[in-house]
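Here's a walk through the strands and helices of one model. Have a look at the fold first, then read on.

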Amino acid sequence: MTDHRVAAQLATEAGRLLLAVRDELAGASEAERKAAGDRRSHEFLMQALGAERPGDAVLSEEGADNPIRLDAERVWIVDPLDGTREFSELGRDDWAVHVALWQAGDLVAGAVALPARGITLATPSVATPPAHTGAPRIAVSRSRPPAVAQAVCDALGGTLVPMGSAGVKVASVIQGIADVYVHAGGQYEWDSAAPVAVARAAGLHTSRIDGSPLSYNRPDPLLPDLLVCRPDYADAVLAAVAGVG
């Protein structure tokens, strides 16, 4: 099985598991659903990757960081449940599962599953989002929209589109639901690795908000800012970000 297929299959299967956990704990508290979802998806992915790719290292949001990954040729970067809060709220569908592979310095495969929507977006082949001729749509957090997103929205004469997890926001650009996702203020490699791999396969612009390349499998997995957008908006977004502050 190819690495692309492994990423897509495991993200999809972890998503099915999470849907089952959600149903199983429908009468539990949100905190219990959050804890169970994080734990069980992480355990599934670790076991599955160990079986499918036993020689590879893994960096997971829910696991202890093993420094062996820094000397590894291949590292899977996973977020077993992206959007834990959204997952915990019954009826919400804006959460995701991320599975990506970093190899020899760059992302080479990735999948973003949107389990409650029955969708998995995965490399190697992803459709280019359809053209959009209206005002640019900026994907933002429904509860914590960063100031940089508002600045970009104002500069481009756009509209803010609130939604849940980081993976869902990037997926919205890939699917043509939004045109720009710009974030500043704190993320980690597992928040963006799989979404970025898939966005690149769809021909989208991906970078830090200063325009520099995104780098993964670093000693410190903090990767605090991100820009994913249609290529035709990249220069204007970067200029707007540069003017903030």
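Which residue in β10 does Val 180 stand opposite? Cys 229 is the residue in β10 that stands opposite Val 180.

## Ground rules

What you're looking at is a predicted model, where local features need pLDDT of at least 70, side-chain atom pairs count only at pLDDT 80 or more, and totals for chains, interfaces and linings use all residues. Numbering starts from 1 along each chain as its sequence is written, and side-chain values use heavy atoms, with hydrogens and water left out.

Helices (H or I, at least four residues) and strands (E, at least two) are DSSP runs, numbered from the N terminus. Two strands pair if DSSP finds at least two bridges between them.

## The sheet with β6 and β8

This open sheet has five strands in the order β7-β6-β8-β10-β9, with mixed pairing. The edges belong to β7 and β9 (205-207), each of which pairs on one side only. From one strand to the next, the twist averages 20°; axes here are lines fitted to C-alpha atoms, for helices over the stretch in contact, and angles run from 0 to 180 degrees between N-to-C directions.

Take β6 (residues 137-141) to begin with: five of its five residues are buried, meaning under 20% relative accessible area, with exposed over 50% and partly exposed in between (1.4 Å probe, protein chains only). β6 runs parallel to β7 (residues 159-163), joined by five bridges, and Val 140 has Pro 162 as its bridge partner in β7. β6 also runs parallel to β8 (residues 180-184), this time with two bridges, and there Ile 138 sits opposite Val 180. Between β8 and β10 (residues 225-229) the sense is antiparallel, over five bridges.

## Helix α5 on that sheet

Helix α5 (residues 166-174) packs on this sheet and touches β6, β7, β8 and β10, its direction making about 150° with that of β8. Contact means heavy atoms within 4.5 Å. Nine of the nine residues of α5 are buried, and Lys 169 and Ser 172 are among them. After α5 comes Gly 176, with a positive phi near 85°.

## The sheet from β1 to β5

Here five strands line up as β1-β2-β3-β4-β5 in another open sheet with mixed pairing. β1 (57-60) and β5 (119-122) are at the edges with a single partner strand each, so one side of each is left without a neighbour in the sheet. Neighbouring strands are turned by 15° against each other on average, direction ignored.

Seven bridges pair β3 (residues 96-103) with β4 (residues 106-114) in the antiparallel sense; in β4, Gly 110 is the bridge partner of Ala 100. Helix α1 (residues 3-24) packs on the sheet, touching β2 (74-82), β3, β4 and β5, and its direction makes about 30° with that of β4. Helix α6 (residues 189-201) lies across β1, β2, β3, β4 and β5, running at about 100° to β4.

## Where α4 meets α7

The axes of α4 (residues 147-156) and α7 (residues 234-242) come within 9 Å and cross at roughly 120°. That makes α4 oblique to α7; angles under 35 degrees count as roughly parallel, over 145 as roughly antiparallel, 65 to 115 as roughly perpendicular and the rest as oblique.

On the α4 side, the contact is made by Val 148, Ala 151, Val 152, Ala 155 and Leu 156, and on the α7 side by Ala 236, Val 237, Ala 240 and Val 241.
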